[in-house]
Amino acid sequence: MTVERVERESAILARLAATGELTVTDMAQALGVSDVTIRGDLRSLEHQGLIVRTRGGARPSSLKGILQRQKIHVEAKGRIAAEAAALIRDDDTVMIEAGTTTALIARHLMGRRGVQVVTNSTLVFSNARLNPALNIILTGGVFRRESESLVGPLAERAIGDFNTRIAFLGTDGFSPERGLTTRFVEGGKVAAMMRDRAEETWLVADSSKFGQAGFVTFLPLEGITGIITDSGLGAEAAQALQEHTRLRVV
């Protein structure tokens, strides 16, 4: 491998760390090389397991992917998480599923007392553990780096032991037609079980997820209490969603 390729690959990874995605054409222009050269660099990085190639570009893979997603739509996710946290009372019982927006909810629970939090997310755990007033129950299970979550039969059995007043779910995409979707079957099973064990269930997702679809549909919109999203959602989309469930826009 030449020094030039090493430098290009470093630049590609730096761009992904800053933006979460890139296109071949933009990267070629930025580095002053051809599209063919960048495609070769992307193939090399994909073989190393550092990126996932997409149509016309690339995105980070595995752990880098979810850590990078935390840096996207930060302001909107913060508003959504704060709105979700406002639904939680002192001495409440809560389930929080894995996701970059759900992970922020715990940060907005300062001042609450006696809240019991059941989660399968290591990101939720990282935020919740900083608040000594929260009682945290982390499910067991198989660790999935792509989502920083615990899944599988152990996680499902643990969730089945609890009954909570409220649950918060994440998603890779949602729409009236396809409901709540995710890339992974195991994650969908965990989310559906949390819904079943809670009195009310809210999807927390930024507006960029509307109209997107993951591999697996795990709940219809009618199967949840409501959706908390941001003001980037269009008026037509909001109306379509309100025909199926409650909607809070922040």
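A residue counts as buried under 20% relative accessible area, as exposed over 50%, and as partly exposed in between, with a 1.4 Å probe and protein chains only. By this rule Phe 210, at 24% relative accessibility, is partly exposed, whereas Phe 174, at 0%, is buried. The model is predicted, so local features need pLDDT of at least 70 and side-chain atom pairs count only at pLDDT 80 or more, while totals for chains, interfaces and linings use all residues. Residues are numbered from 1 along each chain as its sequence is written, and side-chain values use heavy atoms, with hydrogens and water left out.

A pair of aromatic rings is described by the distance of the centres and the angle of the planes. Rings of Phe, Tyr and Trp (its six-membered ring) pair if their centres lie within 6.5 Å; planes under 30 degrees apart are stacked, over 60 edge-to-face, and the rest tilted. The count here is one aromatic pair. Because the ring centres of Phe 174 and Phe 210 are 5.7 Å apart and the planes stand at 70°, this pair is edge-to-face. Phe 174 belongs to strand β10 (residues 173-175) and Phe 210 to the loop between β12 (198-204) and β13 (216-219), so the pair ties together parts 36 residues apart in sequence. Helices (H or I, at least four residues) and strands (E, at least two) are DSSP runs, numbered from the N terminus.

Helix α8 (residues 185-196) has 12 residues and spans 17 Å from first to last C-alpha, close to the 16 Å expected; the expected span is 1.5 Å times one less than the number of residues. Its buried residues include Gly 187, Val 190 and Met 194.

Two packed helices are described by the angle between their axes and the distance between the axes. Axes are lines fitted to C-alpha atoms, for helices over the stretch in contact, and angles run from 0 to 180 degrees between N-to-C directions. Angles under 35 degrees count as roughly parallel, over 145 as roughly antiparallel, 65 to 115 as roughly perpendicular, and the rest as oblique. The axes of α7 (residues 153-160) and α8 come within 10 Å and cross at roughly 5°, which means that α7 is roughly parallel to α8.

Helices α2 (residues 24-31) and α3 (residues 35-47) pack at about 110° with axes 9 Å apart, so α2 is roughly perpendicular to α3. The residues making this contact include Met 27 and Leu 31 of α2 and Ile 38 and Leu 42 of α3.

Conventions: Contact means heavy atoms within 4.5 Å.
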